[in-house]
Amino acid sequence: MDTSNLFRLDGRVALVTGGSRGIGRMIAAGFIAQGATVYVSSRKAAACEETAAALGPKCHALPADVSTIDGCRALATALGEREGALDILVNNAGAAWGVPFEEFSESGWDKVMDLNVKSPFFLTQALHGLLKTAGKPDRPAKVINITSIDGMRLNAWETYSYQASKAALIQLTKRMAARLVRDAINVTSIAPGAFASDMNKAARDHGDTVAHTIPAGRIGAAEDMAGAAIYLASRAGDYVVGETITVDGGLVHASLGSSIDA
């Protein structure tokens, strides 16, 4: 048994939505370090270009708005014009909405559910052909959905649609996995805890305070997120199907306190 290249991604093509910043950029950087060619996508073309320039020649900007089905299909078409197959899709683009119960709007509900649940499904559907071309029984293509620990436990914020969306995406991951494994496409998810990002301003701006609520005693680092994604994307994760890997320093599964107070 040779494990020297177990985590390498040489020759593989990846697409990371929401890849210009935060968790998406951490994952993109990790894939590139392991030899992959990575396309980063987000609504803002300038942000995609900046990330591509920063991460080097194996990173390419492919801006798109995946909040609509038409946008998902347009992104799939654009990628298909550049690549004949797609080895790894990371559905990371997402949104949050926090408003008191009495004031929570339909627009806030729909924005979050559309981007966090609907888009991963329809983007994967639009890229199904490219993923099938890449997937082989001895080297499956990979779809990695970025979920959240907020789909597993309560937080202290009134983020009703966000928590519902992430719980839904965890279940959707399992259902998609059951179908797509037939096409040599493995679907999994990563449920991050506290990582510094524009989405998680508490971890970004008050990391030391947040760290006190986490059993590991710190917030997540870029290497923690990249490592989990590389594992699932590489040969090391080829036998993992439908699973959600929780990357949170023990907050969900090793915390003795009330989850709602964390």
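Colleague: Which residues touch the most other members of the largest nonpolar core?

Modeller: In this predicted model, they are Leu15, Leu79, Leu86, Leu89, Leu127 and Leu131, out of 33 residues in that core.

Colleague: And which elements give two or more residues to this core?

Modeller: Those are the strands β1, β5 (141–146) and β6 (185–192), together with the helices α3 (69–80), α4, α5 (128–134) and α6 (160–180). Helix α6 provides the largest share, with six residues.

Colleague: Let's zoom in on Leu79. What does Leu79 touch?

Modeller: Leaving aside residues up to four places away in sequence, Leu79 is in contact with Leu15, Tyr39, Leu62, Leu86, Leu127 and Leu130.

Colleague: What does a second, separate core include?

Modeller: That second core has 31 residues, and among them are Cys48, Cys59, Ile88 and Val240. As a general point, nonpolar side chains in soluble globular proteins tend to be buried together.

Colleague: How many bridges join β1 and β4?

Modeller: Three bridges, in the parallel sense, between β1 (residues 13–17) and β4 (residues 88–91). To give you one place to look, Val16 has Val90 in β4 as its bridge partner.

Colleague: New topic: Asp238. Where does Asp238 lie, and is Asp238 buried or exposed?

Modeller: You'll find Asp238 in the loop between α9 (222–233) and β7. Its relative accessible area is 11%, so Asp238 counts as buried, the cut-off being under 20%.

Colleague: What does Asp238 touch?

Modeller: Not counting residues up to four places away in sequence, Asp238 touches Asp138, Arg139, Pro140, Lys142 and Asn186. Take Lys142: Asp238 and Lys142 are 96 residues apart in sequence, with 8.5 Å between their C-alpha atoms.

Colleague: I also had my eye on Ala184. Is its phi positive or negative?

Modeller: Positive: the phi of Ala184 is near 60°, and this is a residue other than glycine. In general, most residues other than glycine have a negative phi. Ala184 sits in the loop between α6 and β6, and Ala184 is buried, with a relative accessible area of 12%.

Colleague: Stepping back, how many helices and strands are there in the protein chain?

Modeller: The chain has nine helices and seven strands. Its radius of gyration is 18 Å, close to the 18 Å from the globule rule for 262 residues, so the chain is as compact as a globular protein of that length. The C-alpha trace spans about 50 × 45 × 35 Å along its principal axes.

Colleague: What percentage of the residues is buried?

Modeller: Buried residues come to 51% of the 262 in the protein chain. As for the accessible surface, the chain has about 12200 Å², and 54% of that belongs to carbon and sulfur atoms.

Colleague: Last one: what share of the contacts with a separation of 6 or more comes from residues 24 or more positions apart?

Modeller: In this protein chain, residues 24 or more positions apart account for 70% of those contacts.

Technical notes: Residues numbered from 1 in each chain as written. Predicted model: local features only at pLDDT ≥ 70, side-chain atom pairs only at ≥ 80, totals over all residues. Heavy atoms only, no water. Pairing = 2+ DSSP bridges. Helix = DSSP H or I, 4+ residues; strand = E, 2+ residues; numbered from the N terminus. Core = buried A, V, L, I, M, F, W, Y, C linked by side-chain atoms within 4.5 Å. Buried < 20%, exposed > 50% of the residue type's maximum accessible area, 1.4 Å probe, protein only. Contact = heavy atoms within 4.5 Å. Rg over C-alpha atoms; globule rule 2.2 N^0.38 Å. Areas by Shrake-Rupley, 256 points an atom, 1.4 Å probe, with all protein chains shown as cover.
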